[in-house]
Amino acid sequence: MHSSAATRHFSGTYAEARRKFLDAAAASGATVESFVLEAHRGALGETLATDVALVGSANATKLLLMSSGTHGPEGFCGSGCQVATLHDADLLERLAQGGIALLLVHAINPHGFSHLHRTNEDNIDLNRNHIAFDAPLPVNTAYAEVEPLVLPASWPPTAADQAAMAAYIDKHGMRAYRTAVTSGQYTSPDGVFYGGTAPSWSNRTIRAILRKYASAATDIAWIDVHTGLGPYGHGEKIYPGRNAVADLARARAWWGADVFAPFEGNSASADVSGPVVSTVYDECPQANASMMGLEFGTLPDLEVLTRLRADTWLRRHPESPAAQQRQIRQDLRDAFYCDNDEWKGMVLGQTRVVLLQTLQGLKTA
């Protein structure tokens, strides 16, 4: 694909991404619905919404769902993939011939996408928020000890802060440190990877979308596009579903032996509580669900984590100088979106392969 052809599907702001998505959806003849986040505005004063485009029949028994922007600025990548898909006449024709409906959910976390935060308007990490809130909240006992190391009083961390962090890692190991930080916590609302204490607006919205658009489906394949883990430009296929032998086997039959499951301990991702895609089990119990987190690498993992820490630190310190705020925002954007032709081409090529594999899987399901 010529570089300019690849890059035209991507955007520089949430507002531009939303406009491109809605234009492409209209041009493809999709059914479009917008779920507006009424209580907030975007960084440019724009409307914030999760937009849905359905290509094909609302009564299709086979549904291919692709979502973007679960983690704010990761939406730059996912939106580009969705817009490219809406412009892919060959792929759309193959789906139509297979009787497969395509449901694109654009910007699950529109507030974070626009304001360049991984988390939502309430500092909730949406992939930690889709749990059963009528049950006791998950307990992450190690988090309280690591939070002062992860979010020091000043930014950047001082030499003493870095020494304290290194001492913790020396004592407990890198894996234990990463698990304590990233698996999710429900006790510190202004901390990192906070899961919330109730369903977020985005949680309620995705459930409403599934109830409306996926209730007729007997087979659902869900690709949730992410960025920020793994080698530069490589799309790791992460299985985010429940630990069920048949479900994991089906994922590997469709997408290959290089589908990694966090609960097996070999994925770039932590084994998290409450990912967005888990809502399919609650809202679509009638369907066989096959799901993938398609995770594109950007910068080295610890560099991404450092920039996430800065993002959370900034929420605690809105009084910090404007120049520092701008730099932290830009660094976070760059951690989740490599704004160059090479990376975008790698992303679109791998995404199209996954979509074609998913189409074949759904046809044989």
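A cavity is a set of grid points where a 1.4 Å probe fits but cannot get out, and its lining residues have an atom within 4 Å of a point. In this predicted model, the count comes to 1 cavity of 30 Å³ or more, and the largest cavity holds about 60 Å³ of space. Its lining is formed by Arg118, Thr119, Asn123, Asp125, Gly191, Val192, Phe193, Leu308, Asp311 and Thr312. When these lining residues are sorted by class, 3 are nonpolar, 4 are polar and 3 are charged.

Two pairs of packed helices were then examined. In general, two packed helices are described by the angle between their axes and the distance between the axes. Helix H12, which spans residues 301–316, packs against helix H13, residues 322–336, at an angle of about 140°, and the axes of the two helices lie 9 Å apart. Because of this angle, H12 counts as oblique to H13, and H12 passes H13 in a left-handed crossing. On the side of H12 the contact is made by Val304, Arg307, Leu308, Ala310, Asp311, Trp313 and Leu314, while H13 contributes Gln324, Gln325, Ile328, Arg329, Asp331, Leu332, Asp334, Ala335 and Phe336. The residues of this contact of H12 with H13 divide into 9 nonpolar, 2 polar and 5 charged. Leu308 and Asp311, which take part in the contact with H13, are also among the residues that line the largest cavity.

The second pair consists of helix H7 (residues 159–172) and helix H8 (residues 174–182), which pack at an angle of about 115° with their axes 6 Å apart. Angles of 65 to 115 degrees count as roughly perpendicular, and H7 is therefore described as roughly perpendicular to H8. Met165, Tyr168, Ile169 and His172 of H7 meet Met174, Ala176, Tyr177 and Ala180 of H8 in this contact. By class, the contact of H7 with H8 comprises 7 nonpolar residues and 1 polar residue, with no charged residues.

Finally, the backbone was considered. Most residues other than glycine have a negative phi, and most peptide bonds are trans. The peptide bond from Trp155 to Pro156, however, is cis, with omega near 5°, and Pro156 lies in the loop between helix H6 (143–150) and H7. Leu116, a residue other than glycine, has a positive phi, with a value near 60°; Leu116 is found in the loop between helix H5 (110–115) and H6.

Notes:
Residues are numbered from 1 along each chain as its sequence is written. This is a predicted model: local features need pLDDT of at least 70, side-chain atom pairs count only at pLDDT 80 or more; totals for chains, interfaces and linings use all residues. Side-chain values use heavy atoms; hydrogens and water are left out. On a 1 Å grid over the protein atoms alone, a cavity is a set of points where a 1.4 Å probe fits but cannot get out, and a pocket is an open set with protein on both sides within 12 Å along at least five of seven lines; lining residues have an atom within 4 Å of a point. Grid points are joined across faces, edges and corners, and a volume is the space filled by probe spheres set on the points. Ala, Val, Leu, Ile, Met, Phe, Trp, Tyr, Cys and Pro count as nonpolar, Asp, Glu, Lys and Arg as charged, and the others, Gly among them, as polar. Axes are lines fitted to C-alpha atoms, for helices over the stretch in contact, and angles run from 0 to 180 degrees between N-to-C directions. Helices (H or I, at least four residues) and strands (E, at least two) are DSSP runs, numbered from the N terminus. Angles under 35 degrees count as roughly parallel, over 145 as roughly antiparallel, 65 to 115 as roughly perpendicular and the rest as oblique. Contact means heavy atoms within 4.5 Å. A crossing is left-handed if the near helix is turned anticlockwise from the far one by less than a right angle, and right-handed if clockwise.
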